[in-house]
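Q: I would like to learn how to read a protein model one feature at a time. Could we go through this one together, slowly?

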Amino acid sequence: MTLISFRRPEAVRAVLRHGAADLRPLRRGEREPLLAVFAGMSVQSRANRYLVGMAELPASSIAALTDVDGCDHVAWVASVDGTPAGIARFVRTAPDTAEVAFEVVDAYQGRGLGTVLLDLITTVAASRGIRRARASVLPTNTASLRLVERVGITLGYDDGVLEGEGEVRLLDPAHIDRTAVLALDRRHGQAHETRPCA
């Protein structure tokens, strides 16, 4: 008798306007995808994400951005054809509130990856008990402005930056397979002994 073993997928596939992206949780201390995405972003794209056009990520920022715990700090990486193309994350700032952010390599902008990443991270955040989301966006970043408003974040000017928060609304229609994303998220947490989230 032959036993067949079915391996669970390590990533969830999302369809883009041209091609597809594979989505998976970023592992604690995993620097390579973060650095690859940063390297693929122009100075303007870096400014859009970090509010300043840095030439390189400081070591302290790399340490903070890879210090994910699967509960209060969650990040997912999107890869296209095996190459890191974007990252989305949330960082809990209060029991039911989190700051959300995402970045997309220049070569993959305009293909719907930002929408996929925002849908992904708000879905995972909502499953963690996050009811309100916060964001900071440059006024010139029109693509991100449209997206964060679609998930319920109301922005206002604060010292040259648009900042705000709102009750999380999941995108409708969905741009990801939410059931598959949450299943992979649970498996990832169990495999890495992530502490249970409230």
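Q: Which residue just after helix 2 takes a positive phi?
A: Just after helix 2, Leu51 takes a positive phi of about 70°. Helices (H or I, at least four residues) and strands (E, at least two) are DSSP runs, numbered from the N terminus. Leu51 is found in the loop between helix 2 and helix 3, and it has this positive phi although it is not a glycine. Before we go on, note that this is a predicted model, in which local features need pLDDT of at least 70 and side-chain atom pairs count only at pLDDT 80 or more, while totals for chains, interfaces and linings use all residues. Residues are numbered from 1 along each chain as its sequence is written, and side-chain values use heavy atoms, with hydrogens and water left out.

Q: Is Leu51 buried, partly exposed or exposed?
A: Buried means under 20% relative accessible area, exposed means over 50%, and partly exposed lies in between (1.4 Å probe, protein chains only). Leu51 has a relative accessibility of 35%, so it counts as partly exposed.

Q: Which other residue has a positive phi although it is not a glycine, with a value of about 55°?
A: That residue is Asp159, with a positive phi of about 55°. Asp159 lies in the loop between strand 7 and strand 8, and it is exposed, with a relative accessible area of 76%.

Q: How many residues of helix 2 are buried, and what do they pack against?
A: Helix 2, which spans residues 43-50, is mostly covered, since six of its eight residues are buried. These are Ser45, Arg46, Ala47, Asn48, Arg49 and Tyr50. They pack against helix 1 (32-39), helix 3 (59-65), strand 4 and strand 5 (97-104), where contact means heavy atoms within 4.5 Å.

Q: In what order do the strands of the sheet lie?
A: Two strands pair if DSSP finds at least two bridges between them. Here an open sheet of eight strands has the order 1-2-3-4-5-6-8-7, with mixed pairing. Its edge strands are strand 1 (12-15) and strand 7 (154-158), each of which pairs on one side only.

Q: Do strand 4 and strand 5 run parallel or antiparallel, and what about strand 5 and strand 6?
A: Strand 4 and strand 5 run antiparallel and are joined by eight bridges; within this pair, Arg89 has Ala101 as its bridge partner in strand 5. Strand 5 and strand 6, in contrast, run parallel and are joined by three bridges, and Ala98 has Ala133 in strand 6 as its bridge partner.

Q: Which residues have the most contacts inside the largest nonpolar core?
A: In soluble globular proteins, nonpolar side chains tend to be buried together. A nonpolar core is a set of buried Ala, Val, Leu, Ile, Met, Phe, Trp, Tyr and Cys residues joined through side-chain atoms within 4.5 Å. The largest one here has 56 residues, and those with the most contacts inside it are Leu23, Trp76, Phe90 and Leu113. Helix 4 (residues 113-127) gives the most to this core, with eight residues.

Q: Where does Gly86 lie, and what is it in contact with?
A: Gly86 lies in strand 4 (residues 83-94), and it is buried, with a relative accessible area of 0%. Leaving aside its neighbours within four places in sequence, Gly86 is in contact with Val37, Trp76, Val77, Ala78, Glu103, Val104, Leu113 and Leu117. The C-alpha atoms of Gly86 and Val104 are separated by 4.2 Å, although these residues are 18 residues apart along the chain.

Q: Which residues are joined by a cis peptide bond?
A: A cis peptide bond joins Asp172 and Pro173, with omega at about 10°. Pro173 lies in the loop between strand 8 and helix 6 (178-191).
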